[in-house]
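User: I'm new to this structure and would like a guided tour. Could we look at it together and take a few questions in turn?

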Amino acid sequence: MSMTQDDMKRAVAQAAIAHVPNDCIVGVGTGSTANFFIDELARIKHKLQGAVASSEASARRLQGHGIEVISLNDAGTLPVYVDGADEITRHLHMVKGGGGALTREKIVAAASKKFVCVCDASKLVDVLGKFPLPVEVIPMARSYVARELVKLGGQPRLREGFTTDNGNIILDVHGLSIMNPVELETMLNNIAGVVTNGLFARRAADVLLLGSPDGVQTLVV
Ligand code: 5RP
């Protein structure tokens, strides 16, 4: 029987458990691959102090498994953060935020010593940008930020009917071919009204666990 995308996500989620030290507080991402990781964490919950969640949805899933959710302010620096991505390169630069949780994801990743990215093979790309780049924006700045994004060569579209966990909107920026993700991440952060953008290049992943039909490949930079 051939391996489905879900089989690959489950395999990388299982492999990520090896990166979780005993008795730690683990950082947990958001999305379908992160959900498989949460389900795997449930099996070792007796060996965990708890988890810091990057979204309300992940917090609910963790709590549903009886895993204690700890606020980042109480947790301090985390040994490891495990999360998926919408696109990732061999430099382990990523586009994230397909699920709209980019801001809290970036915060928890920043507060973690090691970022383990878990993806199926479809997420590996040579150049970022085919997946529309999510940008979280303060609602009153929507039009201004959209105009600035057009100046940078993108085509921003409002994510209709969506509000982030932080009460903001998302502009999904189409049509970018991102040759220098570190530079673009910084430029976007400098637009007034932008809370966060979905480029994770300044703080890239440290390890990529990539699911393929042949098994889980490990990539490090
Ligand atoms: C959510 C994210 C996710 O990591 C990203 O969307 C990948 O999700 P999935 O594992 O469902 O493909 O950044 O904001």
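User: What covers the buried residues of helix H2?
Analyst: Quick note before we start: this is a predicted model, where local features need pLDDT of at least 70 and side-chain atom pairs count only at pLDDT 80 or more, while totals for chains, interfaces and linings use all residues. Residues are numbered from 1 along each chain as its sequence is written, and side-chain values use heavy atoms, with hydrogens and water left out. Cover here goes by contact, meaning heavy atoms within 4.5 Å. The cover over H2's buried residues includes H1, S1, helix H3 (56-64), S3 and strand S6 (112-120).

User: And which residues of H2 are the buried ones?
Analyst: "Buried" means under 20% relative accessible area, "exposed" means over 50%, and "partly exposed" is in between (1.4 Å probe, protein chains only). H2 runs over residues 32-43. By that rule its buried residues are Thr33, Ala34, Phe36, Phe37, Ile38, Glu40, Leu41 and Ala42.

User: Stepping back, how many helices and strands are there in the protein?
Analyst: Both are DSSP runs numbered from the N terminus: helices are H or I with at least four residues, and strands are E with at least two. Counted that way, the protein has 7 helices and 13 strands.

User: What is the protein's radius of gyration, and what would a compact globule have?
Analyst: The radius is taken over C-alpha atoms, and the globule rule is 2.2 Å times the number of residues to the power 0.38. For 221 residues that rule puts a compact globule near 17 Å, and the protein agrees with it. As for extent, the C-alpha trace spans about 50 × 40 × 30 Å along its principal axes. So the radius fits the rule, at 17 Å.

User: Is Asp83 buried or exposed?
Analyst: Asp83 lies in strand S3, which covers residues 78-83. Setting aside residues up to four places away in sequence, Asp83 touches several others, including Gly29, Thr30, Lys96, Glu105 and Phe115. Its relative accessibility is 0%, so Asp83 counts as buried.

User: Why is S7 largely enclosed by the rest of the structure?
Analyst: On one side of S7 sit Leu133, Val135 and Val137, on the other Pro134 and Glu136, and all are buried. S7 also runs antiparallel to strand S9 (residues 169-174) over 5 bridges, and pairs antiparallel with strand S10 (residues 194-197) over 3 bridges. S7 (residues 133-137) is largely enclosed because its buried residues number 5 of the 5.

User: What stands opposite Glu87 in S5?
Analyst: S4 and strand S5 (residues 94-95) pair in the antiparallel sense over 2 bridges. Opposite Glu87 stands Val95.

User: What is the phi of Leu92 near?
Analyst: Leu92 is in the loop between S4 and S5, and it is buried at a relative accessible area of 0%. Its phi is positive in a residue other than glycine, near 65°.

User: How far apart in space are Pro21 and Leu48?
Analyst: Pro21 sits in the loop between helix H1 (5-16) and S1 and is partly exposed at 35%. Beyond its neighbours within four places in sequence, Pro21 is in contact with Pro79 and Val80. Pro21 and Leu48 are 27 residues apart in sequence, while the C-alpha to C-alpha distance is 8.5 Å.

Methods. Two strands pair if DSSP finds at least two bridges between them.
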